Amino acid sequence: MEQINAKSIFSPATGFIQRGGFEWTCNPYLGCSFGCTYCYAMFLPQNRRPREDWGKWIQAKGNAVELARKQAPKVADQALYMSSVTDPYLPSERSLHLTRGILEVLIPHQPRLLIQTRGPLVVRDLDLLAQFKCVRVNMSIPTDSEDVRKVYEPKAPPLEKRWDAIAEVRTAGVPVGLCVTPMLPLCDPETFVNRIAAFRPDVLVTQDFHDADGGFGADTGEKARKLLAEGRWSNADYVRCVQGLRERMPVVYEAEAGFFPPGPLPEVGISSL
Ligand code: SF4
């Protein structure tokens, strides 16, 4: 892992994050050692390395906390998405404390903060997260199958550890979102749907496989086509799951519509199903 000195730690939001209502993004790291095979971040211009190297490198912004201390006033009371091109709770964060340091200096400025992660390490910072008046932790849990997880997210934390972590976040009184984005093949769709409904996240967002070329969210084009060709998962399976969720949950957001800042929930448009 390389350490770099960044010029800025808060960047103006762009793309679907900006369209969702965020003003700023914050990435303590560049690259992502979770290395999800469908990650949209590898398609973005911020990734100057070959796509096939995605997941094999990260750069830590060694001056992230110092920059945050100087720049935090500009994000005061505004909607901040953390993180858009990395995960704020990578294994390196356990010793580097960059995300934690940024949170500490943000508290007096109270941005409307969304944490987007697959990292159970987020529970370490609950003492800080609980001090934000407007905050939500989104945990990505895209399947119920560890076998599938290992194919698509081989270096990301096991699914049960994510469920445990997001439950702990909620117990601490911090609002929670569940992101089934993209919905990967499921082993037992009915049980998965029931588990989500029983958990009752404050926000639930899901998304089918699609080939966005990095335009929005997870780009699963090649993998999705392979699975579809093998007949192991189809759009009809996804649609059935979303219908099941809609029967059990008050609101199910799909794709881009589900990525909005913490605070009042936006209305959902007419169902796409
Ligand atoms: S955790 Fe997020 S940023 Fe990291 S590889 Fe997976 S989708 Fe990309």
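## Basis of the description

Contact is taken here as heavy atoms within 4.5 Å, and helices (H or I, at least four residues) and strands (E, at least two) are DSSP runs, numbered from the N terminus. The model is predicted, and local features need pLDDT of at least 70, side-chain atom pairs count only at pLDDT 80 or more, while totals for chains, interfaces and linings use all residues. Residues are numbered from 1 along each chain as its sequence is written, and side-chain values use heavy atoms, with hydrogens and water left out.

## The α2–α4 pair

Ala64, Val65, Ala68 and Arg69 of α2 meet Leu98, Gly101, Ile102 and Val105 of α4. By class, this contact between α2 and α4 holds six nonpolar residues, one polar and one charged, where Ala, Val, Leu, Ile, Met, Phe, Trp, Tyr, Cys and Pro count as nonpolar, Asp, Glu, Lys and Arg as charged, and the others, Gly among them, as polar.

Helix α2 (residues 64–71) packs on α4 at an angle of about 15°, the axes being 9 Å apart; axes are lines fitted to C-alpha atoms, for helices over the stretch in contact, and angles run from 0 to 180 degrees between N-to-C directions. That angle makes α2 roughly parallel to α4, given that angles under 35 degrees count as roughly parallel, over 145 as roughly antiparallel, 65 to 115 as roughly perpendicular and the rest as oblique. The crossing of α2 and α4 is right-handed, a crossing being left-handed if the near helix is turned anticlockwise from the far one by less than a right angle, and right-handed if clockwise.

## The eight-stranded sheet

An open sheet of eight strands runs in the order β2-β3-β6-β7-β8-β9-β10-β11 with mixed pairing, two strands being paired if DSSP finds at least two bridges between them. Strands β2 (10–12) and β11 (253–254) stand at the edges with a single partner strand each, so one side of each is left without a neighbour in the sheet.

## The three-stranded sheet

A second open sheet has three strands in the order β1-β5-β4, again with mixed pairing. Its edges are formed by β1 (2–4) and β4 (29–31), each with a single partner strand, so one side of each is left without a neighbour in the sheet. The twist in this sheet averages 25° from one strand to the next. Strand β5 (residues 58–61) pairs with β1 in the parallel sense over three bridges, and the bridge partner of Gln3 in β5 is Ala60.

## Helix α8 and its two partners

Helix α7 (residues 159–171) and helix α8 (residues 189–199) pack at an angle of about 15° with their axes 12 Å apart, which makes α7 roughly parallel to α8. Their crossing is right-handed, and the contact is made by Glu160, Trp163, Ile166, Ala167 and Arg170 of α7 together with Phe192, Arg195, Ile196 and Phe199 of α8. By class, this contact of α7 with α8 has six nonpolar, no polar and three charged residues.

Helix α8 also packs with helix α10 (residues 235–248), here at an angle of about 35° with the axes 9 Å apart, and this crossing too is right-handed. From α8 the contact takes Pro189, Glu190, Val193, Asn194, Ile196 and Ala197, and from α10 it takes Cys241, Gly244, Leu245 and Arg248. These residues of the contact of α8 with α10 comprise six nonpolar, two polar and two charged.

## Ligand surroundings

The residues around the ligand are Cys32, Phe34, Gly35, Cys36, Cys39, Trp54, Thr86, Asp87 and Arg118, a residue being near a molecule if one of its heavy atoms lies within 4 Å of it. This shell divides into five nonpolar, two polar and two charged residues.

## Backbone features in the loops

Most residues other than glycine have a negative phi, and most peptide bonds are trans. The peptide bond from Met82 to Ser83 is cis, with omega near 15°, and Ser83 lies in the loop between β6 and α3 (93–96). The peptide bond from Thr181 to Pro182 is also cis, with omega near -5°, and Pro182 lies in the loop between β9 (176–180) and α8. Asp77, in the loop between α2 and β6, has a positive phi of about 65° although it is not a glycine.
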